[in-house]
Amino acid sequence: MTTPSLPQALSGPPLTAIGVAVIRARETERPDRLYADPLAQAFVDAAESAYLSPDAPPGSADTWAAMLGLVDALYDSRTLAVRMVDDDLLAAADAGIEQIVLLGAGLDTHAFRLDWPTPVRLFEVDLPPMFEFKEAVLAGQHAEPSCERIVVPADLREEWGSDLLDRGFRRDIPTTWVDHVTNFLPRDDARRAVVTITELSAPGSGFGFPVTARPSFARTLGAVPGLDCITGGPDAATAEHGIGPDGQEWLESLGWATTFVCFADMVAHYGRDLPAPIDPGTGNVVAVRR
């Protein structure tokens, strides 16, 4: 069997993981950087080489260019989001949380670049092709994690809770969940994933998901040429993905206490100017398991 090339293996929404690595690499180069990720450029270089290779499938170079256009459009908000997740994870560890799960971990490097205040076990869940690429790059960089890191190759559209449990996840202690993926999943799959999260969460566990003002997001996507090859184009912003517009109320019905926090309020203390006003409907729903 022929091993698929990287442009074939990471087509569609998974390509956004490379885009976030580009963002982290760019931020790392800034003198006023919000964080430093010494591994990000290695991911970018390896991916760029694959997408721009003469042997890459037709259209790969166009896909790469579209991804860079998406990076340009989303850089200011996404780089702030990276810093927010960093701070949230360190705060959780400082508060005594021993177990963290990254859903749709992509090329995140929290396990390698954060200075953890207490010992934590960090589970990374993502598609097998993502880890095939990620682990090879990490090995090439001789990267050593600063916490206990456990890789869980799984598809969140299928049954994945048992995979997590088989790798040592404890459902009897509080967990901090970082969700990078349910917004990309069809509605039924996204809700099944959240039900699994709920079933695995001890009281005191933390979860959250981003909420985007759809019209403004559609305008952002519409300004990026060739985006169909990644997200399906601007129409994807209004498709039936994620847990839905009533997601906060639905999460409450499952036994979570929730709060909505506007993105502008979440990032104000970082002192980084944004190029355009943030819609007050854009932010995060933050939840604690009752």
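A residue is called buried when its relative accessible area is under 20%, exposed when the area is over 50%, and partly exposed in between (1.4 Å probe, protein chains only). Keep that in mind for every stop on this tour.

This is a predicted model, in which local features need pLDDT of at least 70, side-chain atom pairs count only at pLDDT 80 or more, and totals for chains, interfaces and linings use all residues. Residues are numbered from 1 along each chain as its sequence is written, and side-chain values use heavy atoms, with hydrogens and water left out.

**Stop 1: the whole chain**

Show the protein chain as a cartoon. It has 12 helices and 7 strands. These are DSSP runs numbered from the N terminus: helices are H or I with at least four residues, strands are E with at least two. The C-alpha atoms fill a box of roughly 55 × 40 × 40 Å along the principal axes. Of the 290 residues, 49% count as buried.

**Stop 2: aspartate 37**

Select aspartate 37, in the loop between helix H2 (16–28) and helix H3 (40–51). Is this residue buried or exposed? Aspartate 37 is buried, because its relative accessible area is 3%. Now show what surrounds it. Contact means heavy atoms within 4.5 Å. Beyond its neighbours within four places in sequence, aspartate 37 is in contact with Arg24, Thr28, Thr109 and Arg113. Next, find the backbone nitrogen of leucine 39. This nitrogen lies 3.0 Å from a polar atom of the aspartate 37 side chain.

**Stop 3: the largest core**

Select Ile18, Phe43, Leu89, Leu107, Trp116 and Phe133. These have the most contacts inside the largest nonpolar core, which has 50 residues. A nonpolar core is a set of buried Ala, Val, Leu, Ile, Met, Phe, Trp, Tyr and Cys residues joined through side-chain atoms within 4.5 Å. Which element gives the largest share of this core? H4 does, with 11 residues. Zoom in on isoleucine 18. Setting aside neighbours within four places in sequence, isoleucine 18 is in contact with Leu10, Ala47, Tyr51, Trp64, Met67 and Leu107. A second, separate core of 27 residues includes Leu156, Phe169, Ala193 and Val194.

**Stop 4: tryptophan 116**

Move to tryptophan 116, in the loop between helix H5 (110–113) and strand S2 (121–126). Tryptophan 116 counts as buried because its relative accessibility is 10%. Not counting residues up to four places away in sequence, tryptophan 116 touches Leu89, Leu90, Ala93, Ile100, His110, Ala111, Leu122, Ser146 and Cys147. Its side chain also makes a polar contact with the side chain of serine 146 (3.3 Å). A polar contact is a pair of N or O atoms within 3.5 Å; within protein, one must be able to donate a hydrogen and the other to accept it, and residues adjacent in sequence count only if both atoms are side-chain atoms.

**Stop 5: helix H8**

Select residues 187–200. This is helix H8, with 14 residues. From first C-alpha to last, H8 reaches 20 Å, close to the 20 Å expected at 1.5 Å a residue. The expected span is 1.5 Å times one less than the number of residues. How many of the residues of H8 are buried? The count is 10 of 14, so H8 is mostly covered by the under 20% cut-off. Among the buried ones are Arg187, Asp189, Ala193 and Val194.

**Stop 6: histidine 142**

Finish at histidine 142, in the loop between H6 and strand S3 (148–153). Histidine 142 is exposed, with a relative accessible area of 67%. Its phi is near 55°, a positive value in a residue other than glycine.
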